[in-house]
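Please open the structure in your viewer and keep the selection tool at hand.

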Amino acid sequence: MPENATLLPELAIAAQRNVRYIAGIDEVGRGALAGPVSIGVVVFDLAAPVFAQTPKASGVCSQLDGVRDSKLLSAKARQRWHPHICEHAAAFSVQHRAPREIDSLGINGALRAAGLAGLNAVEVQLGRPLDAVILDGSYDWLTHGASPRVQTMVKADIKALTVACASVLAKLERDRLMEELAAEHPGYGWDSNRGYGSQGHRSALLELGVTAQHRLSWNLGV
């Protein structure tokens with residue numbers, strides 16, 4: 001059974017840098033053929049009682065114990081965790097960049113635009129700058145290494161609770177968008193394949209053609 005994400009990464013950063021407000025960022029939809037790419041940002045105030053009381057040895061936050069990377073949770077579990085994540089987050093945001101923006105900026109450029117918009121949104125909510133940002137992966141696509149606040153972490157969506165929470169919010173919102181788009185563009189199966197290149201989606205592209213929701217700069221096979 002997959003392990004739940006914990007606060008250990010956030011607590012380590014807080015101890016090293018003497019900081020309080022830490023954001024986790026994760027993306028959903030990077031590899032899809034259709035639909036937006038989405039970025040989730042979740043901020044924890046480590047001075048809030050729910051986090052301040054978290055055991056430093058285990059990093060297990062009792063109120064959010066069970067949150068994992070969204071890919072490791074069922075749809076029902078993601079729905080169940082959503083209000084709890086929003087309740088305990090000091091700030092949160094989900095940002096999207098549409099297919100034409102992906103075509104224009106490239107996938108990393110679109111991710112960066114969405115990520116920076118997400119950071120701005122949570123800082124407006126907080127009324128102050130963030131202290132640190134955890135970015136899933138080994139490459140800083142957000143600032144290209146220009147910001148000392150940003151720390152990349154391989155498998156952060158599995159390890160770090162802020163990032164796992166961000167992944168849940170982003171996936172829930174993008175899935176809802178893809179269900180709406182599926183109703184507008186029937187036949188592509190976006191309500192189930194979420195815009196990814198499943199066999200059914202690729203067959204529909206050959207039969208029905210390309211829509212405005214497809215990423216034209218990608219190899220669509222048509």
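**A charge over a ring**

Begin by selecting Arg-215 and Trp-218: the charged end of Arg-215 sits over the ring of Trp-218, at 5.0 Å from the ring centre. Please note that this is a predicted model.

**Aromatic pairs**

How many aromatic pairs does a search of the whole structure find? The search finds two. For one of them, select Phe-44 and Phe-51, whose rings are stacked with centres 4.2 Å apart and 25° between the planes. Phe-44 has a relative accessible area of 0% and is therefore buried. Phe-51 has a relative accessibility of 2%, so this residue also counts as buried, the cut-off being under 20%.

Next, select Tyr-188 and Trp-190, which form a stacked aromatic pair with 5.2 Å from centre to centre and 25° between the planes. Both Tyr-188 and Trp-190 are buried.

**Helix H3**

Now select residues 75-88, which make up helix H3. The helix has 14 residues, and at 1.5 Å a residue it should therefore span 20 Å; the end C-alpha atoms are 20 Å apart, in agreement with that expectation.

Where in H3 does a kink lie? Select Trp-81: a kink of about 30° lies there, shortly before the proline Pro-83.

Trp-81 is also one of the buried residues of H3, together with Ala-77, Arg-78, Ile-85, Cys-86 and His-88. To see what surrounds these buried residues, display strand S2 (37-45), helix H2 (49-52), strand S3 (91-97) and helix H7 (161-184), against which they pack.

Note on methods: Residues numbered from 1 in each chain as written. Predicted model: local features only at pLDDT ≥ 70, side-chain atom pairs only at ≥ 80, totals over all residues. Heavy atoms only, no water. Helix = DSSP H or I, 4+ residues; strand = E, 2+ residues; numbered from the N terminus. Expected span 1.5 Å × (residues − 1). Bend = angle between axes of the 7 residues up to and from the residue. Buried < 20%, exposed > 50% of the residue type's maximum accessible area, 1.4 Å probe, protein only. Contact = heavy atoms within 4.5 Å. Phe/Tyr/Trp six-rings, centres within 6.5 Å; stacked < 30°, edge-to-face > 60°. Lys NZ or Arg CZ within 6 Å of the ring centre and 35° of its normal.
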